[in-house]
There are 2 protein chains.
Amino acid sequence: MTLRIAEIFGPTIQGEGALIGEPTVFVRTGGCDYRCSWCDSLHAVDSAYRHEWKPMTPKAVWNEVRHLSGGRPLTVSLSGGNPAIQDFAPVIALGHTEGYRFACETQGSIAKPWFADLDTLVLSPKPPSSGEAVDWDAFDACLKAAGDRPQVVLKIVVFDKTDYAWAKAASERYPGLPLYLQPGNPEVDPETPIETQDSLDRMLWLVDKVTRDRWFTPRILPQLHVLLWGNKRGV
Amino acid sequence: MTLRIAEIFGPTIQGEGALIGEPTVFVRTGGCDYRCSWCDSLHAVDSAYRHEWKPMTPKAVWNEVRHLSGGRPLTVSLSGGNPAIQDFAPVIALGHTEGYRFACETQGSIAKPWFADLDTLVLSPKPPSSGEAVDWDAFDACLKAAGDRPQVVLKIVVFDKTDYAWAKAASERYPGLPLYLQPGNPEVDPETPIETQDSLDRMLWLVDKVTRDRWFTPRILPQLHVLLWGNKRGV
């Protein structure tokens, strides 16, 4: 069996959500069942890039993670595209025997038994601005598949007031899940420099909205990697 | 009994460490047993500002927190100055009955029984660049006073290579405590604008150092509030 891998990179730090700041090696898979209007990882999503995705055995994926991390255990983030399209059970098993931890980031559209093996499952249902519609039955199946072992958290990107209201409703649906909000990044072209102040302004808008509403459920975090490195790949 | 309070402000988000992004009301106390060379809160430390510190009863402190948060439970951060100089047991007790959570940020030089009532205790021993020397017996007494209830975390500010090596040694002393590193902010004057790129460059330096060394214990986070608001007070 081989996995379709868009890139493996790191160690760097996680830039978003519950594990922000955590030293991480990223395994970015190729292929996605969504086409979010503002996708910032099209090179791992659009089949036009398929020729760039490398077929790798779980053992080859694992060897690359171990090589990059110098054999020192850290968090491995399975991202994409949608990593839930593929079977990561063998990679996780290899890593766990050596003390590595695994996080997976997925929209929650496809449930996999290996979710139960994870240390952290980040479910990021896509708000209206994405142009996608969430299948909540599929989402619930992801929660069920995860079971009790992983820490499960919700992460929602907020571009506008409609997304914000939607995030509130989604959060009320899952009161037991810690919620992380982050402002959206409308610049998706890796060649276009990010205006740092624009990113910060979007963050300020979201902080202002949440605090004015006295809605204290979510944590609000920026995309730290975008502030540090822009849309550059491989960091 | 009254408490010396430099300022109470919020709700805003926590800008640093384990609770980064968390909606928070800050209670900043007046008075400190340290004089860190790069202190960014001198208005709560130097007795030259003592006339600005307000004597408030625990009930008055609590009423202000409740007013600012609109009576909706959130995290209250006790900071300073060194909040451990004073007795916050009554404020914590008032807040807990209404479902609020309490975090305290202190250098770990003074232990207080009310540490055991906290939800989060952030101990931030000061590295050599501060010009202060840590009394590790006093620090251990803080850990002992906290006991099992609060989540206890280490946060260390790193200005240079010496601080970095020191942080590594401190972390080895307390392998059970989650560690957060943050780059220092050498600009302490609230009137001087912060250069965002300088802050980001210091963060990049620290990320680079940790990942090159394959030291995967700490999480590395910026001072998000400095990026968002500079050294401005009250946010």
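Trainee: Where is the place of A:S124 in chain A?

Mentor: Read the flanking elements first. A:S124 is in the loop that runs from β6 (120–123) to α3 (136–146) of chain A. Keep in mind that this is a predicted model.

Trainee: Does A:S124 count as buried or exposed?

Mentor: Compare the relative accessibility with the cut-off. Buried means under 20%. A:S124 has 3%, so it counts as buried.

Trainee: With which side chain does the side chain of A:S124 make a polar contact?

Mentor: Look at side-chain pairs. The partner is the side chain of A:K126, at 3.3 Å.

Trainee: And which residues does A:S124 touch, not counting those up to four places away in sequence?

Mentor: Skipping sequence neighbours leaves the contacts made by the fold. For A:S124 these are A:E105, A:T106, A:Q107 and A:K155.

Trainee: Which residues is A:N185 in contact with, leaving aside neighbours within four places in sequence?

Mentor: The list is A:F159, A:I194, A:R202, A:Q223, A:V226 and A:N231.

Trainee: Now a glycine. What is the relative accessible area of A:G30?

Mentor: The value is 0%, and A:G30 is therefore buried. It sits in the loop between β2 (23–29) and β3 (54–56) of chain A.

Trainee: Which residues is A:G30 in contact with, again leaving aside neighbours within four places in sequence?

Mentor: A:G30 is in contact with A:R4, A:I5, A:A6, A:A44, A:W53 and A:Q86.

Trainee: In which element does B:K161 lie?

Mentor: B:K161 lies in helix α4 of chain B, residues 161–173.

Trainee: Is B:K161 buried or exposed?

Mentor: Exposed means over 50%. B:K161 has a relative accessible area of 61%, so it is exposed. It still has contacts beyond four places in sequence, with B:W205 and B:K209.

Trainee: On to the backbone. Which residues are joined by a cis peptide bond in chain A?

Mentor: Check omega. The bond between A:G80 and A:G81 is cis, with omega about 10°. A:G81 is in the loop between β4 (75–79) and α2 (89–97) of chain A.

Trainee: What is omega for the peptide bond from B:G10 to B:P11?

Mentor: Omega is near 0°, and this bond is cis. B:P11 is placed within strand β1 of chain B, residues 3–13.

Trainee: And phi? What is the value for A:R214?

Mentor: A:R214 has a positive phi, about 50°, and is not a glycine. It is located in the loop between α5 and β9 (219–220) of chain A. At 26% relative accessibility, A:R214 counts as partly exposed.

Trainee: What is phi of B:R214?

Mentor: Phi is near 55°, a positive value in a residue other than glycine. B:R214 lies in the loop between α5 (196–212) and β9 (219–220) of chain B. Its relative accessibility is 27%, so B:R214 counts as partly exposed.

Trainee: Zoom out. How many helices and strands does chain A have?

Mentor: Chain A comes to 6 helices and 9 strands. Its radius of gyration is 17 Å, close to the 18 Å from the globule rule for 235 residues, so chain A is as compact as a globular protein of that length. The C-alpha trace spans about 50 × 40 × 35 Å along its principal axes.

Trainee: What share of contacts in chain A joins residues at least 24 apart?

Mentor: The share is 72%, among contacts between residues at least 6 apart in sequence. As for burial, 58% of the 235 residues in chain A are buried.

Terms used. Residues numbered from 1 in each chain as written. Chains lettered and ligands numbered in written order. Predicted model: local features only at pLDDT ≥ 70, side-chain atom pairs only at ≥ 80, totals over all residues. Heavy atoms only, no water. Helix = DSSP H or I, 4+ residues; strand = E, 2+ residues; numbered from the N terminus. Rg over C-alpha atoms; globule rule 2.2 N^0.38 Å. Buried < 20%, exposed > 50% of the residue type's maximum accessible area, 1.4 Å probe, protein only. Contact = heavy atoms within 4.5 Å. Polar contact = N/O pair within 3.5 Å; in protein donor to acceptor, adjacent residues only side chain to side chain.
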